[in-house]
Amino acid sequence: MLIGERGLVNRRMIAPEVRKAEWERVSRNATKANEAIAAYEKLPHEAKEAEAWKDFVPKWNQWKEIHGRVVAFQQEKDRLLEKGEDPKSKLVEAVDAKSMEESIEALNEYQTARDSLKHVIATNLKATEQSVSTAQGDARFARILVLVATLLGIVAAASIGFIITRAIVRPMRT
């Protein structure tokens, strides 16, 4: 979304087909981001992950709000250009200036949200590593348990065989 926004704000990118491609990029990436967030929120989270996520969401929403203002300015610019307004006119330049101000603020908020998301990812990876370590320990214990059970089974089978053999051979000797 950020790349598409930066493309829309670029004053040199005024060709309709270029702007259309940037709008599609913004829309496509917004959909992907919303789907990813919805999918992540459905997953179970450990306490630290949930806390990190709780910290991220308002920062993400703040960025989306400012991004929305940039989008609104760029939609206004598109309307002006479609009406035949000169891209170098004072009106278009004023919209561009406001859009650029908002875009710079959006970039700062995006970086804050990105850093917060990196913290969510790091917390998630740490929890995953702990789970893997626990699972590996459980697997080692299970292997040892199976080995011990197998050895006990062999000893038990040999003992039962010895007892049965003695029970059969003893009466035959007498």
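Mentor: Let's start with a word we'll need: helices (H or I, at least four residues) and strands (E, at least two) are DSSP runs, numbered from the N terminus. Keep in mind that this is a predicted model, where local features need pLDDT of at least 70 and side-chain atom pairs count only at pLDDT 80 or more, while totals for chains, interfaces and linings use all residues. Residues are numbered from 1 along each chain as its sequence is written, and side-chain values use heavy atoms, with hydrogens and water left out.

Being three residues apart in helix H3, they are separated by about one helical turn. Both tryptophan 60 and tryptophan 63 are buried (buried is under 20% relative accessible area, exposed over 50%, partly exposed in between, using a 1.4 Å probe and protein chains only).

How do we describe two rings? A pair of aromatic rings is described by the distance of the centres and the angle of the planes. Here, rings of Phe, Tyr and Trp (its six-membered ring) pair if their centres lie within 6.5 Å; planes under 30 degrees apart are stacked, over 60 edge-to-face, and the rest tilted. Searching the whole structure turns up five aromatic pairs. In one of them, tryptophan 60 and tryptophan 63 sit 5.0 Å centre to centre with 40° between the planes, so the pair is tilted. Those two also belong to a single aromatic cluster, made up of Tyr40, Trp53, Phe56, Trp60, Trp63 and Tyr110.

Stay in helix H3, which covers residues 47–82, and you'll find glutamate 65 there too.

Zooming out, the protein has four helices and zero strands, giving the pattern α-α-α-α along the sequence. With a radius of gyration of 33 Å, well over the 16 Å that the globule rule gives for 174 residues, the protein is more spread out than a compact globule (the radius is taken over C-alpha atoms, and the rule is 2.2 Å times the number of residues to the power 0.38). The C-alpha trace spans about 120 × 30 × 20 Å along its principal axes.
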